[in-house]
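I opened this model to look up its helices, one hairpin and its nonpolar cores. My entries follow in the order I made them.

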Amino acid sequence: GIGQDITGRLAQEREYTRLIDTANAPIFGVDTQGRVNVWNQCAVRLSGYPSEEVMGHSLVKEFIRMEHQEKVQGVLDQALHGEETANFDFPLMTKGKNRLEVLLNATTRRDEQGNIIGVVGIGQDITARLAQEREYSKLIDSANAPIFGVDTQGRVNVWNQCAMQLVGYSSEEVMSKNLVKEFITDEYKTAVQAVLDMALHGEETANFEFPLITKAGVRVDV
C-alpha cells in the first residue's frame, strides 16, 4: 500500500473546527443539500437550539420564517455556485419562536480539490440594533417639530408627520425626490444646497433659514 501522512492536515482541521465553535459570532454551515453541518456555540446561545437538534436538518425549511425562505435559499444557492454574498439580513427563528435578526456573510466552502461542498455563514446579531433604529425612527416621526433628511444625493429619505402637516406633502410624495430642486424657493436654492453640501462634508450649520414651498404653493419659513 502507498500511504500519505495526513497528521498535519487533521490537526489543522481540528484547530479550524475549534476556532469556529468558540468564535464570538454565530456561525452556521450547510452542505450542498442545505442541511446544517456547522452550528457553533454562539449560534446555540442565540437560537436556543443545541447542535444535536439542528444537525442534518434543513436550515431554510426549519429555521427561517416562511416569508424569508425564498430569499435566504437564493443566497445559499448563489454561494453553492461560487457567488458569495455579504451583509444580508438573515432572520432566524429561535427555539422560543422569537425572530432573531442576523447580518450574515455567506461564504462558499470547498474541499482540497476546489469542489464546492457547502456554505458557511458568519453572522452578527443585530436584533437590538434594529429595535433601537425602529425606536429612533418612531421618535423622529412623532416629534413635535418638522424633521427632514436627505441622502448623499440630496434625495429625501426622512419626512416626519410634523413636516407632512406643515408642508402638505405626504412622505410618499416626497421620498427620493430632490429636496432643494423641488421644495425650496428659487432664491434660496443655492444657499440651502451649500448648507447641505457642508453637512455632507461634516460641517454642521445651526439656525439657518430654510424656506419650503408647501403643496399649496405657499412659502413656509422653517
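**Entry 1: helix H10**

I began just after H10, where Gly-202 takes a positive phi of about 90°. The model is a predicted one: local features need pLDDT of at least 70, side-chain atom pairs count only at pLDDT 80 or more, and totals for chains, interfaces and linings use all residues. Residues are numbered from 1 along each chain as its sequence is written, and side-chain values use heavy atoms, with hydrogens and water left out. I took helices (H or I, at least four residues) and strands (E, at least two) as DSSP runs, numbered from the N terminus.

I then checked the length of H10. Its 12 residues (189-200) should span 16 Å at 1.5 Å a residue, and the end C-alpha atoms are 16 Å apart, which agrees. The expected span is 1.5 Å times one less than the number of residues.

Which residues of H10 are buried? I found Val-192, Val-195 and Leu-196. Buried means under 20% relative accessible area, with a 1.4 Å probe and protein chains only. Seen down the axis of H10, these buried residues fall within an arc of 95°, so they line one face of the helix. The arc is taken from the directions from the helix axis to the C-beta atoms. The buried residues of H10 pack against helix H9 (179-183) and strand S8 (211-213).

**Entry 2: helix H5**

I repeated the check on H5. The buried residues of H5 are His-68, Gln-69, Val-72, Val-75, Leu-76 and Ala-79. They cover an arc of only 140° around the axis, which puts them on the same side of H5.

**Entry 3: a hairpin**

I looked at strands S6 (148-150) and S7 (156-159), which pair in the antiparallel sense over three bridges. Two strands count as paired if DSSP finds at least two bridges between them. Val-150 has Val-156 in S7 as its bridge partner. Five residues lie between the strands of this hairpin, and Gly-154 takes a positive phi near 80°.

**Entry 4: the cores**

A nonpolar core is a set of buried Ala, Val, Leu, Ile, Met, Phe, Trp, Tyr and Cys residues joined through side-chain atoms within 4.5 Å. The largest has 24 residues, and Phe-28, Trp-39, Leu-59, Phe-90 and Leu-92 have the most contacts inside it. I noted a second, separate core of 14 residues, which includes Val-167, Tyr-169, Val-180 and Leu-212.

Notes
Buried < 20%, exposed > 50% of the residue type's maximum accessible area, 1.4 Å probe, protein only. Contact = heavy atoms within 4.5 Å.
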